[in-house]
Amino acid sequence: MLNKIATLMVHTSPLEQAGIGDAGGMNIYVVESAKKMVAAGVGVDIFTRATKPNLPKIVEIAPGVRTIHIDIDQYESLSKEQLPYHVNEISHKFLETVENEKLDYDLIHSHYWLSGKVALNANQKLKLPLVQTMHTMALVKNMNLAEQDKPEPEIRIQGEVEVVQKSDAIIANTEAEASSLVTLYEACPEKVHVVSPGVDLDTFSAKPTTARAINRKQLGIPDNAVVLSFVGRLQPHKGPDILVKALANLFDHNPHLKSKVYLLIIGGSSGNGSSGKLNSELDNLINLSKFLGINSNVKFVPPVNRNELPDWYKTSDIVCVPSYSESFGLVALEAQACGIPVVATAVGGLRTAVADGISGSLIDGHDPRAWSSGLLRLIQEPSRRTIYSYGAIQHSSHFGWMATSREILGIYDELLSARKSNLAGA
């Protein structure tokens, strides 16, 4: 019987706010699915690297869901890029924590390749079934780089291959991701399971809110304007610059729209700031909007907490996700649950997250002119936006965290049953 699992996410904490530093959709995925697992009677401990000294060893996120900090010698000065060289130390500290706290688990579930490497090392002693969720993959990312992006290093590629090959089960967000695991990483097809992420349909809903008018007034945006929004970490791979360029192109060909269309960029730069470049991408976007002469139409909003995020989606008329690759794209799903149409790149999981022509539009590539053209039709056709809004609500209703957690628990049970049978036959 499944009682308790150890979840590993070492490079970012479940306590961090999504949209800041290295925290993103994975943070939401881990916490929300854990809460639903607890509702099904399974306890979850989430192990993460302590990024500050003197943090509490154990923090309860919700009843039955705990964050447990792994202390290593370096804290906030250690970037995600440096973590591969500390895997052995983190693995040792994870085992030490399990032993010192007298913890007992039925299974390990690691998220992102770094956590998978830690789990593989530790599991030489624990010998538990290991489930891996990649969230992003270097080989996929390297095939879809933004102009300013650097290719993912060989150490990550080699680490991902090892994790994929040695895990007992691998969870992919979409059929496309499952195919990439098999073709690019030579994953055993029988080990790959497709489980779609979910959305909190209580928090993200189309219920009316007064925040739309309040937010627009604070930003100096007319109430009758068409507002486009980008929500997420500010990094080249997410493509926020595409929207700035697309907006400039839109105004070049339709100057009358300059008083009617605005772009919100909501989020913070990636990384922990140890390199001194925390605000570089934000600065680049601000300078780009000034250079293109549209800075009065581009509004920058700092990252907002989860409780406020639905109000910001509803401040928008269209949410844009111009990523170069996405394992899934939770922003697209959350916006649609709020009744907001989404325009996204036709890549990866976004092809599943957005129902093209029903809940929004998918655009091939990252040419700002193509994005300008795709957005113009929705800007000029409010009736189409209304139709897409209804479609967005309907499409997102099929994705709930309870369904996600049930499918994951089914994979856990399958592994544990197979293990029990093997032990009985040994």
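## Aromatic pairs

Rings of Phe, Tyr and Trp (for Trp, the six-membered ring) form a pair if their centres lie within 6.5 Å; planes under 30 degrees apart count as stacked, over 60 as edge-to-face, and the rest as tilted. The structure is a predicted model, in which local features need pLDDT of at least 70 and side-chain atom pairs count only at pLDDT 80 or more, while totals for chains, interfaces and linings use all residues. Residues are numbered from 1 along each chain as its sequence is written, and side-chain values use heavy atoms, with hydrogens and water left out.

Ring pairs join Phe47, Phe94 and Tyr105 into a cluster. By the ring rule, the count is five aromatic pairs. One of them, Tyr29 with Trp401, is edge-to-face, at 5.6 Å centre to centre and 85° between the planes. Because Tyr29 belongs to helix H1 (residues 25-39) and Trp401 to helix H15 (residues 401-425), this pair ties together parts that are 372 residues apart in sequence. Helices are DSSP runs of H or I with at least four residues, strands are runs of E with at least two, and both are numbered from the N terminus.

Tyr29 is buried, with a relative accessible area of 2%, and Trp401 is buried at 3%. Buried means under 20% relative accessible area, exposed over 50%, and partly exposed in between (1.4 Å probe, protein chains only).

## The sheet

Eight strands form an open sheet with mixed pairing, in the order E3-E4-E2-E1-E5-E6-E7-E8. Two strands pair if DSSP finds at least two bridges between them. Strands E3 (58-62) and E8 (192-194) are the edges, each pairing on one side only.

Strand E5 (residues 107-111) runs parallel to strand E6 (residues 130-133), joined by four bridges.
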